[in-house]
Amino acid sequence: MAGRDGIRLLWRRLLTRILVGEYAGVPARDVDLRRDTRGRPWAAHRGRRLELGFSPSRSRDWIACAVGPLPLGLDIEAEPAVHRPVPPAMAKSVLHPAERTPGPVSRAELLRVWTLKEALAKATGHGIGRGGLSAIRTDLRAAGSVLVDAGAWADAEDWQLRPLDLGVPLYAALAVRTTDRGTHAPAVHVSTRSLLPHSLDRSADRSTPP
């Protein structure tokens, strides 16, 4: 591990350990970050598994992490510099047939949906081979959770899926396991940091409502 990517990875792990430690009430230095057989992260403190959910994410020079009491998934994507259309094949691989509209799809439009589906993929631990991202149907006009149908990925009633406004130039989305079949999702803390020099004023901390 070397160079810029290595530095980004180190900072992401540091932010994750700090947030998990703060949430669990233990020193960050004692937080051990691990992954299960599906690649989902979990944490331990002095050999004991911590009963919480967390999800780190990175895009370019941005890092973020979400932490809460139940399984969750976070995805961030930096805003594109140019909002040009994406290749039709790419749009088809991401968008459910009900999400598609006539005409070209811009990169910004695709990223709004991509982050939602990646957040769910991270939360469930299922790879893209689970029917593909296009098997997941969302509705960005919905109030609350935008998840309509998760296909073979999960039971849609078990998850809350929503876009996030982090107050920084990122597309972001959060998937959270519900407590009672789609009615309530617990509050989640999300912290975002820019790794660019002199950019601390572009960092953000948010707590989603329960």
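Predicted model: local features only at pLDDT ≥ 70, side-chain atom pairs only at ≥ 80, totals over all residues.
**Notes on the sheet, cores and pocket**

1. Strand 10 covers residues 170–177 and runs antiparallel to strand 9, with 6 bridges joining the two.

2. Zooming out, the open sheet has 3 strands in the order 6-10-9, with antiparallel pairing. Strand 6 (72–78) and strand 9 (159–164) each have a single partner strand and stand at the edges, so each has one side left without a neighbour in the sheet. From one strand to the next, the twist averages 10 degrees.

3. What packs on this sheet? Helix 3, residues 107–124, does, and it touches strand 6, strand 9 and strand 10. The direction of helix 3 makes about 150 degrees with that of strand 6.

4. Now the nonpolar cores. The largest has 17 residues, and Leu 166 and Leu 174 are the ones with the most contacts inside it. Strand 5 (62–68), strand 6 and strand 10 are the elements that give two or more residues to this core. Another core, of 16 residues, lies apart from it; Leu 133, Ile 136, Trp 153 and Ala 156 are among its members. As background, nonpolar side chains in soluble globular proteins tend to be buried together.

5. Last, the largest pocket, which holds about 380 Å³ of space. It is lined by 16 residues, and the closest to its centre are Ala 98, Glu 99, Thr 101, Val 113 and Leu 140. Helix 3 turns up again here: it gives the most to the lining, with 4 residues. Strand 7 (137–138) also supplies at least two.

How values were computed: Residues numbered from 1 in each chain as written. Heavy atoms only, no water. Pairing = 2+ DSSP bridges. Axes fitted to C-alpha atoms, helices over the stretch in contact; angles between N-to-C directions. Contact = heavy atoms within 4.5 Å. Core = buried A, V, L, I, M, F, W, Y, C linked by side-chain atoms within 4.5 Å. Buried < 20%, exposed > 50% of the residue type's maximum accessible area, 1.4 Å probe, protein only. 1 Å grid on protein atoms, 1.4 Å probe; cavity = no way out; pocket = protein on both sides within 12 Å on 5 of 7 lines; lining within 4 Å. Points joined across faces, edges and corners; volume = space filled by probe spheres on them.
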